[in-house]
Amino acid sequence: MAEDNSYESMLCVKPEVHVYRIPPRASNRGYRAADWKLDEPAWSGRMKITAKGKMAFIKLEDKNTGELFAQAPVEQYPGVAVEAVTDSSRYFVVRIEDGNGRHAFIGMGFADRGDSFDFNVALQDHFKWVKQEGELAKLEASQSTAPKLDLSFKEGQTIKISIGNIKKKDASSAKPRPMGGGLLPPPPGTKGGSVLPPPGGQQQVSAVSTAPLVDFSSPVPAAQPSSDIWGDFTSAGSNSSKDAVKSGWVQFS
């Protein structure tokens, strides 16, 4: 009953198909298209293959008015409803029904071999989908009846997780951070007692020297007093190392 409410989909449309009167089957070997009057078709028109649920329908319609000439319900393929002939790939025997329980067998053929191929593939794809849907429904039914595995924690139940290869940091091995206001040690490779000049070409010392900043015995004129108590170190830096010793610069060791 659920299939009656499903929508109807279009699987294949071919604008030209021929219908033939066929003689009774002579033997169990199958039908032969050579026994038909292929040059005198009984009817010509348009062919459609539609699907509604699991059923497929072959509909023969007038190509101009769309009036239904015959219809063949197909429950499975290959099967009784559609049978290929033994001597050609373009002709088939189709079992049509009138809706009142009566049926008849007619011959159906395509002028183009590609049209017959599309007809064959459309039916095969539909019933392949029907088979897959049936297998999926069986699988879901078997899973629903099987007992479900309960992986939830019971009341009071706990778990313990062990994570290896993780080393704890020793608090005693942590390096102390330098206190503010101290002097940083000189970088490796430098001589003791030397002072690195700060950026900008100006020299800077971290201790106040009691020696006079200016050597009055030198012919260099005294610098003008300024608000900077350190004086002009730029002019002092231009003197030779001997003058720096005479003027009382402190050498750090």
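## Exposure classes

Buried means under 20% relative accessible area, exposed means over 50%, and partly exposed lies in between. Aspartate 35 has 47% relative accessibility, so the residue counts as partly exposed. The model discussed here is predicted.

## Salt bridges

The structure holds 9 salt bridges. Side chains of opposite charge can pair when their charged atoms come close.

Aspartate 35 pairs with arginine 32, at 3.0 Å from N to O. Arginine 32 is partly exposed too, with a relative accessible area of 38%.

## Strand to strand

Arginine 46 and glutamate 61 form another salt bridge, at 3.2 Å from N to O. Arginine 46 sits in strand S2 (residues 43-52) and glutamate 61 in strand S3 (residues 55-61), so the bridge ties together parts 15 residues apart in sequence. Arginine 46 is partly exposed at 21% relative accessibility. Glutamate 61 is buried at 11%.

Lysine 14 bridges to aspartate 118, with the closest N and O atoms 2.7 Å apart. Lysine 14 belongs to strand S1 (residues 8-20) and aspartate 118 to helix H1, so this pair links parts 104 residues apart in sequence. Lysine 14 is buried at 10% relative accessibility. Aspartate 118 is partly exposed at 33%.

Salt bridges with shared partners join Lys14, Asp115 and Asp118 into one network.

## Nonpolar surface patch

Phe153, Ile159, Ile161 and Ile163 make a nonpolar surface patch of about 490 Å². Phenylalanine 153 lies in the loop between helix H1 (113-145) and helix H2 (233-237). Its relative accessibility is 53%, so phenylalanine 153 counts as exposed.

Methods:
Residues are numbered from 1 along each chain as its sequence is written. This is a predicted model: local features need pLDDT of at least 70, side-chain atom pairs count only at pLDDT 80 or more; totals for chains, interfaces and linings use all residues. Side-chain values use heavy atoms; hydrogens and water are left out. Patches are made of residues with over 30% relative accessible area and no salt bridge: like charges are joined within 9 Å, nonpolar side chains (Val, Leu, Ile, Met, Phe, Trp, Tyr) within 5 Å. Accessible areas come from the Shrake-Rupley method with a 1.4 Å probe; for residues, only the protein chains shown count as cover. A salt bridge is a side-chain nitrogen of Lys or Arg within 4 Å of a carboxyl oxygen of Asp or Glu. Helices (H or I, at least four residues) and strands (E, at least two) are DSSP runs, numbered from the N terminus. Buried means under 20% relative accessible area, exposed over 50%, partly exposed in between (1.4 Å probe, protein chains only).
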